[in-house]
Amino acid sequence: MLLSAMSISLAEVFTPQPSDDVLDNPHRGFMLWGSSVLADGGLPDNHHGANIYHVYLPWRMIETADQVFAWSQIEQTYINPILNTLPESTLVLRIVADYPDGPGSGMNAHYTGGDDDRDYPIFLEQPPLNIARNAYTSCNGDGPGIAPDWNNPAFQTQATELVSAFGAHFDGDPRITAVQVGLLGLWGEWHQSGCADIAPNNAIKNAMKLAYNNAFTLTPLQTRYAREPDVSNVNFGFHEDYFPSFTGPCIYDLPQCDDSGDWNLEYGFANRVPAARNNWQVSPISGESPLHSQQNAWLTDEADVTTLINDYHFSFLGPAGQHENSGQVAAMQRLANQLGYRFQVNHLSINNPITSNSSLVQVSLSNVGSAPIYFKYQLAIDWVDAANNTLLTWEFADDLSQLLAAESNTLQHTFNHQLAAGEYSLRLYLKPGHPTARTIVLANQHHDATGRLIIGPITINLSDLIFADDFE
């Protein structure tokens, strides 16, 4: 008689149902203004679950004397008031040296010593630098303001040092969704439209482009226009400030659409920097809608707006936009779901019951959103017992920042465990590479109170064997 043993453990496939819920995940969705929190008494009204705040940082406030950087003051003045109120929010930062009509916008709320139209530090004008100021009343209707001489070699040196210090303080900070390549020109948008005689030239643009690219290797970067030299040979994303009017070709019935120059994103891709069309794979695209007609188009032409979000891979919209207004909740939720990444589990395969100390796990995962996540995340599986205690965590090595929009991947790994016999539940979520960053909720049905996707039950029984007689 031969005694043989055969495990009865077989792979079971779990298929979680997808969900259309609006998920409060980081670095995607709607963005609101955050520059004037302490100046006007609080954050703007948040009607549709925005969790990103756009913050202008005046150079005047950052560098109080040559190579003296007031990062603690910046944190206390511009960042802590937001994150102390909404700890799970993230920020988009842009340094500005010329904000036209700053007093009219409240940009000067924290300035001391007068000269409130000046947004850069006074030491730039003083010996030994002696960088000239260019005061203007209007640049195409924007003003008054004061611009430094962008093209002075001393300005280039000072600005490069500033960006290097900026990166040293913020690069890789999980509180930051993106840094916008600012500083030069009106609002830090790299133009002085209407005042061509004082505009930044290509030499300073190239120097600043390289400075930002070198200073920020972990945090994504955005620039304003798809044009040369602003984005040549770099992978910057874009912030489009006339969405949807200046986003795609004027084949849609959108208000004030103009695709005849490189102020239009599609024109820039098609005619100026074709290689930048794929920059969305590395850095985020965002847009704001400052005109009421543009904001109304989110609702009256939702289908075309959705097409543009998906075709140009927008991760977030704002700070100006229809989300600043209440109402139309269902339509706004549909738009929110289109923005940025959105990960779904298609199926999970694991032996059930488990009859050994190792298990092969296969998970099919899709990014059904419009863009990648841009930050390192890994799929994690928690083992939870009947008392809701997490006893063990498995992590796949795959970096999900590589999963592009509309792509799927099957993750596979053999994990070891030493858990006691019993029944368990698996809980899935995306775990960040940075220890203080937020986890990501999967777009499937059936989550626990912490947002983990519930898979189960799974039984462990290491003695679950069949013994059979063979009388050959």
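Mentor: Residues are numbered from 1 along each chain as its sequence is written. In this predicted model, local features need pLDDT of at least 70 and side-chain atom pairs count only at pLDDT 80 or more, while totals for chains, interfaces and linings use all residues; side-chain values use heavy atoms, without hydrogens and water.

Trainee: What makes up the secondary structure of the chain?

Mentor: The chain has 10 helices and 22 strands, where helices are DSSP runs of H or I with at least four residues and strands are runs of E with at least two, numbered from the N terminus.

Trainee: How do you know that the span of helix H6 agrees with its number of residues?

Mentor: The expected span is 1.5 Å times one less than the number of residues. The 14 residues of H6 (residues 202-215) should therefore span 20 Å, and the end C-alpha atoms are 20 Å apart, which agrees.

Trainee: Which residues of H6 are called buried?

Mentor: Buried means under 20% relative accessible area, with a 1.4 Å probe and protein chains only. Among those of H6 are Ile204, Ala207, Met208, Ala211 and Ala215. An α-helix has 3.6 residues a turn, so residues three or four places apart point the same way. Of the 472 residues of the chain, 55% count as buried.

Trainee: What do the buried residues of H6 pack against?

Mentor: Their partners are strands S7 (90-96), S10 (176-183) and S11 (221-223), together with helix H5 (153-170); contact means heavy atoms within 4.5 Å.

Trainee: What caps the N-terminal end of H6?

Mentor: Asparagine 201 does, with a side-chain oxygen 3.1 Å from the backbone nitrogen of alanine 203; a polar contact requires a donor and an acceptor among N or O atoms within 3.5 Å.

Key
Buried < 20%, exposed > 50% of the residue type's maximum accessible area, 1.4 Å probe, protein only.
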